[in-house]
Amino acid sequence: MSGYFKELISGTKSLFIGLGITGKYFFEPVVTMQYPMEHVEMTPRFRGHIELIPDEETGEPKCVVCGMCQKGCPSKCISLEGEKREGVKGKVLTKYILNFTTCSLCGQCVESCKFGAIRFSKDYNLAGPRKEDFIFDLIKRLKEKS
Amino acid sequence: MNGLFQQDVNQETFILNLGPQHPATHGVLRVKLEMDGEYIVDAEPVLGYIHRMHEKMGENRTWAQFLPNCGRMDYLSALSYNHGYVAAVERAAGIEVPERAEYLRVITVELNRISSHLLWFGAFVLDLGGFTPLLYAFDDREQILDLLESVTGSRLTYCYFRFGGVYNDIDDSFITGTREFIKRLRKRMPMYDALVTKNIILIKRLKDIGPISKDMARRYGATGPVARGSGIDFDVRKHEPYSVYSEFDFDIPVYEEGDSMARYMVRMDEIEQSMRIIEQALDKLPEGEIQPKKAVKLVKPEKGDYYHAVEAARGSFGVRIVSDGTNSAYRLKLRSPTYSNLSLFGEASRGMLLPDALALMGSLDLVIPEIDR
């Protein structure tokens, strides 16, 4: 019987201790970030979707159309095309489409690129009502950015 | 007209579907419960609602292309799974890993283990009806995610380890950040203790509820905190040391009781042990390369059969590779801990009240995508 009352008292006490802790935290500053109102800075290593890196002199993409990124991609979400042009050494990139609907942001493409032509972007506000919104034309994106 | 319609009223049972969409199952798990009033007569977990053929994918992708899959199985301790797969392939292909890379692996995996346990802690108490601790646990977990994001580049489905090393090196801000975080979490642990562990409602809900005997845990192949809560002293990190775990001084918390409270206590103690490992690893962190000098370009393991197990947050995760010498696996078998841990639910929950069975299920720490794979 005495055990019952002992537990009753210590149990009730434990509830008040818990209430005290939550009460204390109630008056502490807010730790959550008010996301749409506040902008979150991404860390330098943040892996967003990929983007082409422009050549510093010409502004054209550095890509030489070797196709290693396409080959390395586990989800087959990269498709690219290039053509031979007169007066230009190597191939010129004409099409670089990233199907972001199947991309899992693993970064195999960036790792397999030996020419340093692609990198991760810092975009994260990606939401859209249509599937087509996530088929990115990276050449177009590069031209818009510059 | 007897038989079908003339059952004894006391013998009447009914079938209750728990899931596939039920907040207490934390995912698409369905449990078919045969109930006698409030009491469970029999429980049968029905799996496969989120089966994604990860093993088959492993046969069709190259060794490196399978890496991002690891994080999608157990999304709460993605790095442990990454580690298991990478270590298995390294064993198969005979790839040497630089010491610094091994230390980085241990540090990040243990941070990931703490974050997994913190999330479990919050969600478990939420299952039992307490909402506030979840928010406090997420506050701490968020700090770990920030730290891991700064090195790995993602917050949840990490893909940080590579064959022969890791993807990125850590910097001083990560080291100081981790030390500060450990100091912070050490200060918070007594708060969790007072708020949750000593709370009379939690004790009443967990003590002597859902006992799993040593024998039952063995029969179903339970590992991790479930087995350690039943008095089985087994941890792959200690009993079959891989990576550099043999160089650290840490304990394996074991509780003999086998009830839900024991499993709860094992995980809470493991957070402290993980912090000890991280501290020692940061102190001993050697300088050097994070990838082998001769870069691993093409992985082609010799023909053969290889196995490597690691201790993930939920138990022993094993990868069995059968290689035919090509650039993708002939067979990739993934042994996930929660699959075995869930299997004992049917037997363990027999004769329990439904709310108690949910406490038992919560204490098993289920991650459904990992069960189905």
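Predicted model: local features only at pLDDT ≥ 70, side-chain atom pairs only at ≥ 80, totals over all residues.
Which side chain does the side chain of B:E110 join in a polar contact? I looked that up first: the partner is B:R113, at 3.1 Å. A polar contact here is a pair of N or O atoms within 3.5 Å; within protein, one must be able to donate a hydrogen and the other to accept it, and residues adjacent in sequence count only if both atoms are side-chain atoms.

Residues are numbered from 1 along each chain as written, chains are lettered from A and ligands numbered from 1 in the order written, and side-chain values use heavy atoms, with hydrogens and water left out.

**B:E110**

I placed B:E110 in helix α4 (residues 99-127) of chain B; helices (H or I, at least four residues) and strands (E, at least two) are DSSP runs numbered from the N terminus. B:E110 counts as buried because its relative accessibility is 0%; the cut-off is under 20%, with exposed over 50% and partly exposed in between (1.4 Å probe, protein chains only). Leaving aside neighbours within four places in sequence, I found B:E110 in contact (heavy atoms within 4.5 Å) with B:R237, B:Y245, B:S274, B:I277 and B:I278.

**Largest pocket**

I read off about 1,100 Å³ for the largest pocket. A pocket is an open set of points on a 1 Å grid over the protein atoms alone, where a 1.4 Å probe fits, with protein on both sides within 12 Å along at least five of seven lines; lining residues have an atom within 4 Å of a point. Its lining has 29 residues, with A:V31, A:T32, A:M33, B:D139 and B:E142 nearest the centre. Two or more lining residues come from each of α1 (2-26) of chain A and α5 (132-152) and α6 (172-197) of chain B. The largest share, nine residues, is from α5(B).

**Second largest pocket**

The second largest pocket holds about 880 Å³. I counted 23 lining residues, and A:Q108, A:S112, B:A64, B:V296 and B:K297 lie nearest its centre. In chain A, α2 (68-72) and α3 (108-112) each supply at least two.

**Chain A**

I noted four helices and five strands in chain A, in the order α-β-α-β-β-α-β-β-α from the N terminus. The C-alpha atoms fill a box of roughly 95 × 30 × 30 Å along the principal axes. Buried residues make up 34% of the 146 in chain A.

Technical notes. Points joined across faces, edges and corners; volume = space filled by probe spheres on them.
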